[in-house]
Amino acid sequence: MGDRHAHGQHQLHVQPHQQRLHHDVGGMKSQKGPSASQILAIVTLLPVGGTLLCLAGITLVGTLIGLAVATPVFLFFSPVLVPATLTLGLAVAGFLTSGAFGITGLSSFSWILNYFRQGKSMVPESMEAAKRRVADAAAHLGQKTKDAGQTIQSKAQEGKEGTKTS
């Protein structure tokens with residue numbers, strides 16, 4: 001903060017780290033090259049992001065081909081409502097999966113870009129926190145999948161019991 005003068009004006013003090021910012025290029029110091037943690041981040045995250053983007057494209061193409069092939073088959077050889085429901089459900093699942101892979105890949109690339117712009121290195125504590133968050137998310141996803149499987153199984157059991165009484 002500045003010191004107050006008699007006429008209500010503020011005096012500006014320039015901090016040393018503000019002067020140093022003018023010598024940085026794109027968040028990275030101009031005297032040094034990338035650190036080992038930055039190189040490790042690129043080596044690990046670029047292939048992951050590229051793979052996820054490729055999976056997104058393959059999933060999208062597979063969904064479109066599947067729709068092109070399955071729709072006429074369902075329309076010719078089945079009642080109308082069942083194949084329409086299956087086709088719509090599979091199409092939605094395919095597009096959502098493709099979008100999820102694409103967003104994940106793009107967010108990985110975005111994270112890499114921001115990582116280098118800030119010029120930060122990975123701290124072991126933040127790595128442990130990230131590992132814990134990933135483990136918690138995986139456990140949560142596993143529980144949701146288990147719950148969905150139990151719901152489907154109970155509905156299938158109800159359907160079986162309903163057909164036995166008819």
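Student: Is Y115 buried or exposed in this predicted model?
Tutor: The relative accessibility of Y115 is 6%. Buried means under 20% relative accessible area, so Y115 counts as buried.

Student: What is the geometry of the ring pair Y115 and F116?
Tutor: The ring centres of Y115 and F116 lie 5.4 Å apart, and their planes meet at 75°. Planes over 60 degrees apart count as edge-to-face. The pair Y115 and F116 is therefore edge-to-face.

Student: How many aromatic pairs are there in the whole structure, and what is the geometry of W111 and Y115?
Tutor: The search of the whole structure gives 2 aromatic pairs. For W111 and Y115, the ring centres are 4.9 Å apart and the planes are at 20°. Planes under 30 degrees apart count as stacked, so the pair W111 and Y115 is stacked.

Student: What separates W111 and Y115 along helix 3?
Tutor: Helix 3 comprises residues 81–118, and W111 and Y115 are 4 residues apart in it. Their separation is therefore about one helical turn.

Student: Which residues form the aromatic cluster, and what is the relative accessible area of W111?
Tutor: The cluster consists of W111, Y115 and F116. F116 is buried, at 15% relative accessible area. W111 is partly exposed, with a relative accessible area of 37%.

Student: Which residues does the UniProt annotation "transmembrane region" cover, and how far apart are the end C-alpha atoms of residues 90–113?
Tutor: According to the unreviewed UniProt entry, the annotation covers residues 39–70 and 90–113. Residues 90–113 are 100% helix and 0% strand, and their end C-alpha atoms lie apart by 35 Å.

How values were computed: Residues numbered from 1 in each chain as written. Predicted model: local features only at pLDDT ≥ 70, side-chain atom pairs only at ≥ 80, totals over all residues. Heavy atoms only, no water. Phe/Tyr/Trp six-rings, centres within 6.5 Å; stacked < 30°, edge-to-face > 60°. Helix = DSSP H or I, 4+ residues; strand = E, 2+ residues; numbered from the N terminus. Buried < 20%, exposed > 50% of the residue type's maximum accessible area, 1.4 Å probe, protein only. UniProt positions renumbered as here; feature names shortened; annotations may be inferred.
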